Amino acid sequence: MKEEIKKWHQESAALEPTQEERTTLSKAVLDFADDFVEKLPDTLAYHVEDRKGSGIYEHPLSEDGHSINEALKIFQEHVNEPGLNPASGGHLAYIPGGGIYASAMGDVLAAVTNKFAGVFYASPGAVRLEHMLVRWMAEIMGYPESAVGNLTSGGSIANLNAIVTAREAMNLKARDVENAVVYYSAHTHHSVQKALNIAGLAEAQVRIVPADDNFRMDTAKLEAMVVNDVAASFRPFLIIASAGTTDTGAADPLEKIAAIAQKYHSWFHVDAAFGGFFVLTEHGQKALRGIECCNSIVLDPHKGLFLPYGSGAVLVRDGKKLRDAHRFQAAYLQDTADSQDELSPAELSAELSRHFRGPRMWLPLFLHGIAPFRAALREKLLLARYFHQEIRKRKGFEAGPEPDLSIVIFRYVPESGNANDFNKRLVRGIVRDGRVFLSSTTINGIFWIRIAVLSFRTHLEHIDLTLDLLEETAGHLQKT
Ligand SMILES: *Cc1c(COP(=O)(O)O)cnc(C)c1O
């Protein structure tokens, strides 16, 4: 038996490369990464590829391995090139993500050490590192010491964590669901709806609160709805506001909504996945005033802190509620019970084993300090306002309200013909060019084009290019 064990050991040796092999591997990957970053200014934000990445299927897995150069060639051609380039400063569609380099190095540390960040007993330092990051986020949001949170894979899961916490904290039982009311505006992100369904709340009453002319939640209408529901013996259970909607970047009036939630004993949740980190700026603090009054907050460090995808966060003002909602017992984890100086992430989410998310957020913040993040966020806010001011000067264009944060909606009003069709073609024309990537939305039947400025690589030259491209493309379409 020993002989056979040794034989398989030898045959699996590739899984533990020698130092020399490790150096070759990391050098090849880092050279690739370097080259990628260096060439970004000349790389398209959106690459229309006819095969749509299907070439990857020509390289199925096999018993025998391949060289790193072969792997990188395949990766570049079939994975990296087709479609959106989220690392591009020309990415102005949806909500741009980040990808700061130091984060990637943090991921290397996390993956190579493979610290088990789910349980305090297993990795006390890793868990404390994540708590420290959560504490910092809670502080900048104005939350008290009692707040607890969790680093998640993104905003959608964080919304689910918060909604499950609301359900448990409000002691909502299955038989109460039909009588419970959830309020949110028409511009609320769809992950909220998904989370309600997953959390077993699909049968709750949902009230879509109308928005005002700035696309912010109309609080007078919210209160009227709540009063109506109370009179009809419904229970106003949960109010969800957006600290920056995905559609238009509108910041709901959080202070006023908090007062209504308190008056009628509702849980108040704020989805700040897009806009939360703008509290690092004076402008953002004003726009998001009252965020500290809500019961739970969702943030997306992979948006407002420019981290790579896979970084969200949930914060709960009364942290005990987050833990109570994710309680569990497991006999095989009994050894961990004696070492409980700190809460374990496994007690605060649906996950047990998980990516050690701390280093990708900690390393850039620790290396660079907070100041450059604050500066970049200020730059984004100003770029959006600059765009809003300039697009209206271009012939034929009109814009939505002055941006609360860093999203602007606008459209071209053609001399004749269907405006919605025209703007649809305008977006298509811009995407086909590929230097900048933008997207659209429809509000009250009107097709709007939108830009969201949140990539750390988006600067004045990208906004100027976008303005020129829009004018040029619209002029061209107007003639055809
Ligand atoms: C992006 C976003 C989400 C979803 O977050 P993911 O990280 O993509 O899962 C939720 N709400 C708002 C307001 C967002 O902008």
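**Entry 1**

I looked up Phe366 and found it exposed, at a relative accessible area of 59%. For these labels I took buried as under 20% relative accessible area, exposed as over 50% and partly exposed as in between, with a 1.4 Å probe and protein chains only. The model is predicted, so I kept local features to pLDDT of at least 70 and side-chain atom pairs to pLDDT 80 or more, while totals for chains, interfaces and linings use all residues. Residues are numbered from 1 along each chain as its sequence is written, and side-chain values use heavy atoms, without hydrogens and water.

Trp362 has 26% relative accessibility and counts as partly exposed. Both residues belong to helix α13 (residues 358-368), and because they are four residues apart, about one helical turn separates them. I took helices (H or I, at least four residues) and strands (E, at least two) as DSSP runs, numbered from the N terminus.

**Entry 2: aromatic pairs**

I counted rings of Phe, Tyr and Trp (its six-membered ring) as a pair if their centres lie within 6.5 Å, with planes under 30 degrees apart called stacked, over 60 edge-to-face and the rest tilted. This rule gives 12 aromatic pairs. One of them is Trp362 with Phe366, which is stacked, at 5.1 Å centre to centre and 25 degrees between the planes.

I then noted Phe397 and Phe410, a tilted pair with 6.4 Å between centres and 50 degrees between planes. Phe397 is in strand β10 (residues 397-399) and Phe410 in strand β11 (residues 407-412), so this pair ties together parts 13 residues apart in sequence. Phe397 is buried at a relative accessible area of 7%, and Phe410 is buried at 0% relative accessibility. The two also belong to one aromatic cluster made up of Phe387, Phe397, Phe410, Tyr412 and Phe422.

**Entry 3: the four-stranded sheet**

I traced the sheet that holds β10 and β11. It is open, has four strands in the order β10-β11-β13-β12, and its pairing is antiparallel. Two strands pair if DSSP finds at least two bridges between them. At the edges I found β10 and β12 (439-443), each pairing on one side only. Neighbouring strands here are turned by 40 degrees against each other on average, direction ignored.

β11 pairs with strand β13 (residues 446-452) in the antiparallel sense over four bridges, and Ile407 stands opposite Ala452 in β13. Helix α14 (residues 371-391) packs on this sheet, where it touches β10, β11 and β13, and its direction makes about 15 degrees with that of β11. Contact means heavy atoms within 4.5 Å. Axes are lines fitted to C-alpha atoms, for helices over the stretch in contact, with angles from 0 to 180 degrees between N-to-C directions.

**Entry 4: charges over rings**

My criterion was NZ of Lys or CZ of Arg within 6 Å of the ring centre and within 35 degrees of the ring normal. Arg411 lies over the face of Trp448, 5.6 Å from the ring centre. The charged end of Arg207 sits over the ring of Phe234, 5.5 Å from its centre.

**Entry 5: the seven-stranded sheet**

Next I read off an open sheet of seven strands, in the order β3-β9-β8-β7-β6-β4-β5, with mixed pairing. The edges are β3 (148-152) and β5 (205-209); each has a single partner strand, so one side of each lacks a neighbour in the sheet. Neighbouring strands of this sheet are turned by 15 degrees on average, direction ignored.

Helix α5 (residues 124-140) packs on the sheet, touches β3, β8 (296-299) and β9 (312-316), and makes about 115 degrees with the direction of β3. Helix α8 (residues 219-231) packs on the sheet too, touching β4, β5 and β6, at about 155 degrees to the direction of β5.

**Entry 6: strand β6**

I checked the pairings of β6. Strand β4 (residues 180-185) runs parallel to β6 (residues 235-242) and is joined to it by four bridges. Val181 stands opposite Pro236, and the bridge partner of Tyr183 is Ile239. With strand β7 (residues 267-272), β6 pairs in the parallel sense over five bridges; there Ser242 stands opposite Asp271.

Seven of the eight residues of β6 are buried, so the strand is largely enclosed by the rest of the structure.
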